[in-house]
Amino acid sequence: MELKFDDKGLIPAIVQDHYTKEVLTLAYMNAEALALTIAEGRTVFWSRSRQAIWRKGETSGNVQQVVSITADCDGDALVVEVIKSGPACHTGAESCFFQPVYVSEACKQFSWQGLYDLIRGRRDRPQPGSYTSYLFEKGKEKILKKVGEECTEVIIAGEKEDKAETVYEIGDLAYHLLVLMVQAGITVEDITRELEKRHIIDHKVKQERMQ
């Protein structure tokens with residue numbers, strides 16, 4: 001399709017993490033930057049402040065490998081899915097979008113990344129009375145013990161074929177696994193990548209299998 005650049009020759013590019021689908025940043029491309037992005041397989045933008053082409057990660061090393069580029073229905077905006085090698089924001093944050101303006105508690109959606117970030121926050125900024133902060137205070141052995149206990153609870157619930165109890169216990173296990181991940185420096189993206197590597201669709205027989 002034919003893309004529509006604005007009167008300054010620019011088109012907005014929404015950069016999104018390929019694995020987590022988190023929005024990382026909003027940048028702009030001109031025709032040259034878009035062509036370079038496609039040719040080099042990494043994000044290249046037009047800097048409106050410097051009035052020049054700039055390659056993401058050129059100085060920081062936080063290069064973004066491009067997976068796909070998709071235009072919207074009007075052809076005047078792009079979504080660029082990337083695999084990032086470091087934080088997207090110049091502040092060091094994973095995403096440039098980290099300052100809440102409004103969040104509806106009624107409509108707030110759960111996400112694994114959101115829970116992971118909350119758990120990491122309890123580690124970095126311990127809260128009095130927080131069970132999560134308590135686990136980090138006690139250390140790895142306590143966390144591993146809890147993971148083992150929750151594994152056993154899942155097995156017992158599954159053996160009883162009690163769906164509600166099994167769901168509840170899997171929730172407990174998932175939470176404690178995330179605590180272990182934070183403690184070990186393992187991210188949600190690390191697990192997503194590992195599963196993606198194992199997940200293969202055999203198009204000949206139209207079946208999915210795990211390596």
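Helices here are DSSP runs of at least four residues, numbered from the N terminus. With that term in hand, look at the pockets of this predicted model. The largest pocket holds about 1300 Å³ of space. The second largest pocket has a volume of about 630 Å³.

**Largest pocket: who lines it**
- The lining counts 36 residues.
- Glu22, Ser111, Gln113, Gly114 and Asp117 lie nearest the centre of this pocket.
- Two helices, H2 (112-124) and H6 (188-198), each supply at least two lining residues.
- H2 gives the largest share of the lining, with ten residues.

- Domain 1 (8-82) and domain 2 (110-195) each contribute at least three residues to the lining.
- Sorted by class, the lining of the largest pocket has 13 charged, twelve nonpolar and eleven polar residues.

**Second largest pocket: who lines it**
- This pocket has a volume of about 630 Å³, and 24 residues line it.
- Closest to its centre are Arg50, Trp54, Lys56, Ala88 and His90.
- Strands E2 (23-29), E3 (44-47) and E4 (52-55) are the elements that give two or more residues to this lining.
- E2 provides the largest share, four residues.

**Side by side**
- Helix H2 leads the lining of the largest pocket, while strand E2 leads that of the second largest pocket.

How values were computed: Residues are numbered from 1 along each chain as its sequence is written. This is a predicted model: local features need pLDDT of at least 70, side-chain atom pairs count only at pLDDT 80 or more; totals for chains, interfaces and linings use all residues. Side-chain values use heavy atoms; hydrogens and water are left out. On a 1 Å grid over the protein atoms alone, a cavity is a set of points where a 1.4 Å probe fits but cannot get out, and a pocket is an open set with protein on both sides within 12 Å along at least five of seven lines; lining residues have an atom within 4 Å of a point. Grid points are joined across faces, edges and corners, and a volume is the space filled by probe spheres set on the points. Ala, Val, Leu, Ile, Met, Phe, Trp, Tyr, Cys and Pro count as nonpolar, Asp, Glu, Lys and Arg as charged, and the others, Gly among them, as polar. Domain bounds come from an automatic or database domain assignment.
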